[in-house]
Amino acid sequence: MQYIDQGSALSNKNVPGRRLQKKNSLFYQQSVLENEEFTQRYQKNVDELQVFKDDPYLEPHKQHFQVRNAKFFELLEQIVKVESSLKEFAKGYEKYGFLISDTGITYKEWAPGAKEVYLTGDFNNWDKMQYSLTSDSFGNWEIFLPRNEDGSYLIPHGSRVKAYIKNANNQYQFRIPAWIRTTWQNEENKLYDGVFYNPENKYEFKHNRPPKPRCLKIYEVHIGMAGIEPRVHTFKEFTQTVLPRVVKLGYNVIQIMAIQEHAYYGSFGYHVTNFFAVSSRFGSPDDLKELIDTAHSHGITVLMDLVHSHASSNVLDGINEWDGTEYQYFHAGGKGKHELWDSKLFDYSKWEVIRFLLSNLSWWMNEYQFDGFRFDGVTSMLYVHHGNGYGFTGGYHEYFNELADIDSLVYLMLANDLIHEIHPNSITIAEDVSGYPTLCRNIKEGGIGFDYRMAMAVPDKWIKLLKEYKDDDWDMGDITHTLTNRRHLEKCICYAESHDQALVGDKTLSMWLFDKEIYSEMSTLQPETLVTFRGMALHKMLRLITFALGGEGYLNFMGNEFGHPEWIDFPREGNGWSYQHARRRWDLADDQLLRYSRLLQFDTEMINLEEKYPWLPTGDQWVTEKHNETKVIIFERGSLLFVFNFHPTQSYEHFKVGTKFESDHKIVLDTDDMRFGGHSRVSPSYDQNFPIIKEEWQGRPNHIQIYLPNRCAIVFKPIE
């Protein structure tokens, strides 16, 4: 494999303000980064990167790291030369869009392909050409609107605004300003308008960011579908009704989906049209700030589900073809289109595209006090094939080759560097199904800089088992391998069920487990059937083993903690634009006569167990048993001993369980507890100690003997 140096990551024409001398070599001798501060933050000598010391198998692929890191430092050097620092470069929102000062309003836009640009809106009765912008040689268009004689601003707060441009194709079109902070949908034509947002009394944050969590227990939410009624719900409703649930459950992080404005509600927020605007269907920017501030007051960290991997192809509402060219923000031709997603792909080699995206990160962190991001679609960014049609087995040759997208990798390094510079305790999570090595190592060590990656294989495994295999055929070794198969020193967020798997056309875990009985047999006043017994038992066991063995953090999508019964289906033509399945049935969880309430109680106990006996941050885990005939999995994690019996029918008396711990054991959690909808077959042993027997078993120095019912998991704690 050969890497070809394509020169500077940025062409000179893309750098505003001055031209930069192009480097003659990939490795340059002098740099503005050669000082003590940057030496502490970065390691520029590839041979000294810690990742090679930790993993010698990376050594044959060192050229990939040389090319990638050289491009990163070259681009960072140019940014520091031109903009003084990465943080200053990422304050594009102080230079573009609507800028309010004591003397008036400045509106600025980057549109190199445009031939004429005008500003219009409610404030001038939509006179298209009254206010003309002037341009410079770098494609920046600008206009200043002084205050009125009475001191008021020419554009009142809440006014609808748009740019009216003569584009590269000599066509006149209305466009929403690319840096707009607020949008509203026009009820007459259903298109979106930009909104000049300048309230007299802006929300002031009252609480500081909470300390960085010891570990992440994430409650993933979608604001619009977070209520019982079949409609779009709001930030304020979430703050008042759902956030207290999260606090009570014990989760310490909320991850909010669909924040960036998206014209099509059914996209789940992943086809972004306006990157700096809060989705208006959920409420105002101040309402979102109040939500985040309230979460912070409870010590809860708030992450944003961020989409920088692609953008909506919507021309009328978004930034696609803003100046009439297809290559303003995106790659031209087929390279700029994601065929499977019907969306546009950013050109991360362009100066103004990088400014736009990095400023977007800075905006959400500084303006809204988000504590970090979950980056969507990272796999698509990492490779020129975007993961389409490619499978990954884990071999390093699959990642470090000519199919790696160096420009995207460099952008992700800059993004992580910026985020952690703005707020050192910030958190970044990558949604990557490929398993790119070093993705979650810091930049100085030789990584891309993410803190965590999503353990995406785990929920896929559970669905595959429930769809395709009988319980008798579940492979305990395969299950434990899936749960523990993660890269050394790269932390994972595990989850038993994803929001994607519940989308229309598929089923939630509870629907796979209970089938049609989810509608008729969930009352505790009715005798338990074989189906409900299996469903209740496995729903708890799958969540617990995922939480206990699957990673260094845990995520739950709202409602899954109580086995939300139905799929997710946003309003669309195919369902008559119904909101029936775009909501959460909290009433089911709150009804003490329904089995859902028992699943909810278990989730609370499970989350609190980790708080009482921490295991997520530690890498100290050991699987002692994964037996296919008995269907038993046993492992140690932290200070606890976990025992799972997945057998459909067989219970075991006087079952020997190996343990490294030296003292007697006691039960601290039992999935079969009657409080959790079980049969309390183990409950007579709650108050007794299980004596330690100083005899080796299952490769451990000691063992205990227990009663282990079928479809039951028991967690033990050695007595201090």
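In strand 6, E142 is the bridge partner of T134. This model is predicted, so local features need pLDDT of at least 70 and side-chain atom pairs count only at pLDDT 80 or more, while totals for chains, interfaces and linings use all residues. Residues are numbered from 1 along each chain as its sequence is written, and side-chain values use heavy atoms, with hydrogens and water left out.

Strands here are DSSP runs of E with at least two residues, and helices are runs of H or I with at least four; both are numbered from the N terminus. Two strands pair if DSSP finds at least two bridges between them. Strand 5 and strand 6 (residues 140-146) are joined by two bridges and are antiparallel. They belong to an open sheet of four strands in the order 1-2-6-5, with antiparallel pairing. Strand 1 (97-100) and strand 5 (134-135) stand at the edges with a single partner strand each, so one side of each has no neighbour in the sheet. Strands of a sheet pair through backbone hydrogen bonds, either parallel or antiparallel.

**A closed barrel**

Eight strands form a closed barrel that runs 11-12-15-19-20-21-22-23, with parallel pairing. The twist averages 30° from one strand to the next. Angles run from 0 to 180 degrees between N-to-C directions, with axes as lines fitted to C-alpha atoms. I493 has G553 in strand 23 as its bridge partner.

Strand 26 (residues 640-645) is mostly covered, as six of its six residues are buried. Buried means under 20% relative accessible area, exposed over 50%, and partly exposed in between (1.4 Å probe, protein chains only). L640, F642 and F644 point one way, L641, V643 and N645 the other way, and all are buried. In a regular strand the side chains alternate between the two faces of the sheet.

Strand 26 has antiparallel pairing with two strands named here.

| Partner of strand 26 | Bridges | A bridge pair |
|---|---|---|
| Strand 25 (residues 632-637) | six | V632 and N645 |
| Strand 30 (residues 712-718) | five | V643 and I714 |

Strand 25 and strand 26 also form a hairpin, with two residues between them. G638 in the turn has a positive phi of about 60°.

**Cysteines**

How many disulfides does a search of the whole structure find? The search finds zero. A disulfide is a pair of cysteine sulfur atoms within 2.5 Å. For C494, the closest cysteine sulfur is in C492, 8.4 Å away, which is too far for a bond. C494 is buried, at 0% relative accessibility. C712 is buried too, with a relative accessible area of 0%.

**The largest pocket**

The largest pocket has a volume of about 930 Å³. A pocket is an open set of points on a 1 Å grid over the protein atoms alone, where a 1.4 Å probe fits, with protein on both sides within 12 Å along at least five of seven lines; lining residues have an atom within 4 Å of a point. The volume is the space filled by probe spheres set on the points.

Which residues lie nearest the centre of the largest pocket? They are Y270, W341, D376, E431 and D500, out of 41 lining residues. Helix 8 (378-382) and helix 10 (457-468) are the elements that give two or more residues to this lining. Helix 8 gives the most, with three residues. By class, the lining has 18 nonpolar, 15 polar and eight charged residues. Ala, Val, Leu, Ile, Met, Phe, Trp, Tyr, Cys and Pro count as nonpolar, Asp, Glu, Lys and Arg as charged, and the others, Gly among them, as polar.
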